[in-house]
Amino acid sequence: MIKKCFFPPDFLLQIILSLIQQWIVPTINNSLKPLEEMDYTRMLERLLKLAIPNHFIWLLFFYWFFHSSLNAVAEILRFGDRHFYNDWWNSESVQYFWRNWNVPVHQWCVRHLYIPLRHWGCSKQLSAAAVFLLSAFFHEYLVSVPLKMFRAWAFLGMLGQLPFSKFVERYLHSQYGNMAVWISLIIGQPLCILMYYHDYYVFHYHKT
């Protein structure tokens with residue numbers, strides 16, 4: 001009998017918070033001067049230095065939320081449908097990743113936006129673009145509201161997935177497509193973090 005590996009959600013959350021305090025925060029604080037001076041070499045160094053802990057934390061967060069927390073809540077509520085994610089780590093295309101890394105949200109978007117648009121006569125491409133547009137809006141909303149500013153980096157990053165997905169689909173296949181998906185995850189997130197951090201500092205603390 002195969003048993004699933006399960007870590008308590010609170011234990012994983014403590015690890016995530018510790019990594020943020022000990023690794024992420026110092027790296028971000030040290031990135032402000034290169035950003036202000038537009039020192040591209042040091043900016044790249046800070047980006048790559050931030051990419052490793054950020055991606056590790058993102059993976060831990062995925063396991064904490066989708067595997068541990070949601071399954072714990074489902075166990076308490078005796079909820080039978082526990083299909084929260086698929087094998088997104090094997091994604092050979094951007095479309096496959098977005099369909100499988102967050103199954104409940106994907107199914108909601110398909111049911112309430114994609115299918116109605118298709119019934120109204122919209123093409124597959126237009127319907128898919130509308131889903132990405134809605135997702136981009138909520139990604140930006142979840143960042144802009146806590147930071148109390150609007151910069152659209154998350155919004156543009158999500159919309160950038162559309163041409164990126166076409167590029168991967170046309171030119172990269174099999175393991176190369178999988179590599180492209182992983183690289184976009186590893187580099188894209190810390191890039192947004194640095195851009196928001198710089199803009200947040202300028203918006204709230206920079207003295208003119």
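These exercises work through helices, contacts and salt bridges in a predicted model.

Residues are numbered from 1 along each chain as its sequence is written, and side-chain values use heavy atoms, without hydrogens and water. Local features need pLDDT of at least 70 and side-chain atom pairs pLDDT 80 or more, while totals for chains, interfaces and linings use all residues.

**Exercise 1. Check the span of helix H3, then follow the helix to its end.**

Step 1. Helices are DSSP runs of H or I, at least four residues long, numbered from the N terminus. H3 holds 38 residues, 40–77.

Step 2. The expected span is 1.5 Å times one less than the number of residues.

Step 3. H3 has a kink of about 30° at Ala51, shortly before the proline Pro53.

Step 4. Arg78 follows H3, and its phi is positive, near 55°.

**Exercise 2. Is Asn178 buried or exposed, and what does it touch?**

Step 1. Buried means under 20% relative accessible area, exposed over 50%, and partly exposed in between (1.4 Å probe, protein chains only). Asn178 is buried because its relative accessibility is 19%.

Step 2. Contact means heavy atoms within 4.5 Å. Leaving out residues up to four places away in sequence, Asn178 touches Trp89, Asn90, Ser91 and Glu92.

Step 3. Take Trp89: its backbone oxygen lies 3.0 Å from a polar atom of the Asn178 side chain.

**Exercise 3. Which side chains meet in salt bridges, and how accessible are they?**

Step 1. A salt bridge is a side-chain nitrogen of Lys or Arg within 4 Å of a carboxyl oxygen of Asp or Glu. The count comes to 5.

Step 2. Arg42 meets Glu37 at 3.7 Å, N to O. Arg42 is partly exposed at 30%, and so is Glu37 at 45%. Together with Asp39, they form a network of salt bridges.

Step 3. Arg82 meets Glu75 at 2.9 Å, N to O. Arg82 is partly exposed at 33%, whereas Glu75 is exposed at 52%.

Step 4. Asp199 meets Arg151 at 3.7 Å, N to O. This pair links distant parts of the chain, 48 residues apart: Asp199 is in H9, and Arg151 is in the loop between H6 (124–147) and H7 (153–159). Asp199 is buried at 12%, while Arg151 is partly exposed at 30%.

Technical notes. Helices (H or I, at least four residues) and strands (E, at least two) are DSSP runs, numbered from the N terminus. The bend at a residue is the angle between axes fitted to the seven residues ending there and the seven starting there. A polar contact is a pair of N or O atoms within 3.5 Å; within protein, one must be able to donate a hydrogen and the other to accept it, and residues adjacent in sequence count only if both atoms are side-chain atoms.
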